[in-house]
Amino acid sequence: MIDELYSARILSLAANLPHSGRLAAPEGTGERVAKLCGSRATVDVVLDDAGRVADFAQDVKACALGQAAAGVLGESVIGATEAEIEAARDASLAMLKSGGDGPNGRFEGLRALKLVADYPARHASTMVAIEATLDAVRQAQTSRTRLAGAA
């Protein structure tokens, strides 16, 4: 079963991490660490005027599963709203913990990680990038709200 988990699709996603690195001037930054294995994701974002992700960078140090999830995220996150990222996070958690189908729409690629459900020790690593992205978007939104209130 473990060989099925590390499929060619998973390994390909893990090897090709879009938007790798850090942004020079992010509006929001999020960082998450999976305590069990030490997988870590640091994500920087810049939002457009409508609050969608306009620029994105990620620094991910994780196992192949965490890297694969970050790969899907990097392919799909530009143009995403906070609500879309939150829905993808929630659907991914449901997929891993309670037999859900996984995300629809722009983040549907995360369904490639459905077999991770059978390996609870890998759940946190699989989620670090999307959790860090959601944190970064929320931080950017909060910063904008503070700036608008100060003006």
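The points that follow concern salt bridges, their partners and the exposure of those partners.

1. This is a predicted model, in which local features need pLDDT of at least 70 and side-chain atom pairs count only at pLDDT 80 or more, while totals for chains, interfaces and linings use all residues. Residues are numbered from 1 along each chain as its sequence is written, and side-chain values use heavy atoms, with hydrogens and water left out.

2. A search of the whole structure gives 14 salt bridges, the term standing for a side-chain nitrogen of Lys or Arg within 4 Å of a carboxyl oxygen of Asp or Glu. One of them joins D59 to K61, with the closest N and O atoms 3.0 Å apart; D59 is partly exposed at a relative accessible area of 21%, where buried means under 20%, exposed over 50% and partly exposed in between (1.4 Å probe, protein chains only).

3. E86 pairs with R89 at 3.7 Å between the closest N and O atoms. Because these two residues lie three apart in helix α4 (residues 82-98), about one helical turn separates them; helices are DSSP runs of H or I, at least four residues, numbered from the N terminus. E86 is partly exposed at 28%, whereas R89 counts as buried at 13% relative accessibility.

4. R89 also meets E131 in a salt bridge of 3.4 Å, N to O, a pair that links distant parts of the chain, since E131 belongs to helix α5 (residues 123-150) and R89 to helix α4, 42 residues apart. E131 is buried, its relative accessible area being 12%.

5. Through shared partners, salt bridges join R32, E82, E86, R89, D90, E131, D135 and R138 into one network.
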